[in-house]
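Morning, everyone. I'll take a pocket, then a sheet. Have a look at the model before I start.

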Amino acid sequence: MLQRLAREPLPFDTIPAEEPASAGSDPEAAVGPDFLPPEFRAPSRQDVAGFMMRWMQPLVVDGEVRTCWQCGAYRDWIVFCMRDDSVWLRCGSGHETKEPGLDAAWYNRNSGPVDQWHPSVEDGLRHLGH
């Protein structure tokens, strides 16, 4: 069986080699044929100012329930993960504070898939019910 497999061409051997992209060519043309067209691609992390998600339950960081330092709210947060990997909390009253106990890794573990892109923070907050 190994001898027979050695005689058969590998799948990548049957695909014709593509011309290398010239220095002045369009970067979209250099992308392989199976890559999504630009209108279907999601923006990368560097293309957006940050991500946000709603956190309805009390937020526990290092064994302590986080409360808003101004109004005392302890649930229904909007959690922002900014481009610099900092995490910010916003209560329902609109008070914002940086949360040093959380980072981008925590955000990525706890957030769901991105379901909407918004041109402004206000549009995102409306989408999340704030």
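**The pocket and the sheet**

β1, β4 (77-82), α3 (104-110) and α4 (121-127) each give at least two residues to the lining of the largest pocket. Those labels are DSSP runs numbered from the N terminus: helices are H or I with at least four residues, strands are E with at least two. This is a predicted model: local features need pLDDT of at least 70, side-chain atom pairs count only at pLDDT 80 or more, and totals for chains, interfaces and linings use all residues. Residues are numbered from 1 along each chain as its sequence is written, and side-chain values use heavy atoms, with hydrogens and water left out.

A pocket here is an open set of points on a 1 Å grid over the protein atoms alone, where a 1.4 Å probe fits, with protein on both sides within 12 Å along at least five of seven lines; lining residues have an atom within 4 Å of a point. Which element supplies the largest share of the lining? β1 does, with four residues. In total, 27 residues line the pocket. Nearest its centre lie Gly50, Phe51, Met52, Gln116 and His118. The volume is about 670 Å³, meaning the space filled by probe spheres set on the points, joined across faces, edges and corners.

Now the sheet. It is open, four strands, order β1-β4-β5-β6, with antiparallel pairing. Pairing takes at least two bridges found by DSSP. β1 (50-55) and β6 (96-98) each have a single partner strand, so one side of each lacks a neighbour in the sheet. β5 (residues 87-90) pairs with β6 over three bridges. There, Trp88 faces Lys98 of β6.
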